[in-house]
Amino acid sequence: MQLHDVWFVLIAVLWIGYFFLEGFDFGIGVLTKPLARNTAERRVLINTIGPVWDGNEVWLLTAGGATFAAFPDWYATLFSGFYIPLLAILVCLIVRGVAFEYRAKRDGARWQRNWEEAIFWTSLVPAFLWGVVFADIVRGVDIDAQKNYVGGLADLLNPYALLGGLVTLTLFTFHGAVFAALKTVGEIRERARGAALRAGLAAAVLALVFLLWTQADSGNGRSLVALAVAVLALAGALVANQLGREGWAFVLSGATVVAAVAMLFLALFPNVMPSTLNPAWSLTVGNAASSPYTLKLMTVVAAVFTPLVLLYQGWTYWVFRKRIGVQHIPGGHRPAAPAAPAAPAAPKAPVAPAAPVAPADRA
């Protein structure tokens with residue numbers, strides 16, 4: 001295996017890690033509307049990802065940076081041809097981060113409601129658009145002989161790509177609902193399990209159609225194995241969720257995301273962006289890669305720093321592993337304390353006998 005093949009695998013791992021971690025982030029954001037019934041419950045959901053959401057986005061920055069350094073032609077064609085959807089995702093991620101930080105800066109109900117609305121939409125839109133982007137990458141786009149994208153925005157919104165967007169949206173929502181059930185207590189935990197069932201069933205139908213379509217169009221033996229793992233993991237996650245085994249449900253929902261994204265990369269290899277105009281104009285791991293010296297230097301840097309990042313992020317999840325509920329939210333609902341028994345009434349003071357009435361004087 002050559003270094004450009006190794007870096008294709010490493011970039012695939014970075015994207016898989018990003019979708020595994022940011023997937024439930026997006027799902028929690030989407031669930032702040034249909035799952036939470038009041039401000040306290042929305043705050044509970046947001047607090048489940050509060051300590052980790054920004055660390056999860058490091059995977060996106062690393063994946064983008066690694067693509068730029070290892071496959072500059074892939075990066076240039078992808079970010080120029082997909083400029084509008086990727087810009088929309090970037091704006092959403094910026095506004096989403098601001099919403100997390102600014103929501104609690106003021107006590108006004110309107111202020112908090114507006115930022116909560118922003119969290120919902122800036123979670124839903126990227127969850128959908130990432131599916132559109134990766135479906136188009138696997139399907140192929142209009143790339144000419146100079147490695148330039150020559151299509152338009154409408155070409156990216158084809159039925160296959162739109163189906164891919166619905167798959168990531170429902171799958172991330174399911175992943176987020178399972179995470180919410182794992183991290184909360186009380187009524188919201190029970191409702192999260194119900195939401196996970198509904199989102200999981202929708203994701204199962206859409207994902208099965210999308211993955212079978214992908215396999216029929218550009219799949220191979222390796223991608224077929226990944227497809228089978230994704231289907232079995234999703235079925236197992238639904239069963240575990242119904243049995244109340246939130247830990248196993250989360251592991252299996254994460255395995256579903258991992259296997260589904262892995263299948264896309266397995267179906268894509270050795271291409272990185274196929275051309276629908278002429279297969280000879282496709283970008284591959286060979287013709288889009290950097291020089292061997294650059295790849296060798298990147299490999300050394302990755303070998304040193306990747307374990308450190310994984311250890312730090314794993315420690316963060318360990319520290320913030322406990323469940324939370326509305327009783328942990330200042331001003332949230334707390335069970336009423338039992339009424340203290342009434343103190344016995346003080347005895348009444350004895351009433352002094354009335355003084356005798358003197359007889360009236362006779363005339």
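**Note on aromatic contacts**

1. Lys33 sits over the face of Phe120, 5.5 Å from the ring centre; the criterion is NZ of Lys or CZ of Arg within 6 Å of the ring centre and within 35 degrees of the ring normal. Arg321 is placed over the face of Trp318, at 3.9 Å from the ring centre.

2. This is a predicted model, in which local features need pLDDT of at least 70 and side-chain atom pairs count only at pLDDT 80 or more, while totals for chains, interfaces and linings use all residues. Residues are numbered from 1 along each chain as its sequence is written, and side-chain values use heavy atoms, with hydrogens and water left out.

3. Rings of Phe, Tyr and Trp (its six-membered ring) pair if their centres lie within 6.5 Å; planes under 30 degrees apart are stacked, over 60 edge-to-face, the rest tilted. The count by this rule is 30 aromatic pairs. Phe8 and Phe265 have ring centres 5.8 Å apart and planes at 70°, so this pair is edge-to-face.

4. Phe8 belongs to helix H1 (residues 3-31) and Phe265 to helix H12 (residues 246-268), so the pair ties together parts 257 residues apart in sequence. Helices (H or I, at least four residues) and strands (E, at least two) are DSSP runs, numbered from the N terminus.

5. Phe8 is buried, at 4% relative accessible area, and Phe265 is buried at 5% (buried: under 20%; exposed: over 50%; partly exposed: in between; 1.4 Å probe, protein chains only).

6. Phe8 also forms a tilted aromatic pair with Phe269, 5.1 Å centre to centre with 50° between the planes. Phe269 lies in the loop between H12 and strand S1 (271-273), 261 residues from Phe8. Phe269 is partly exposed, at 28% relative accessible area.
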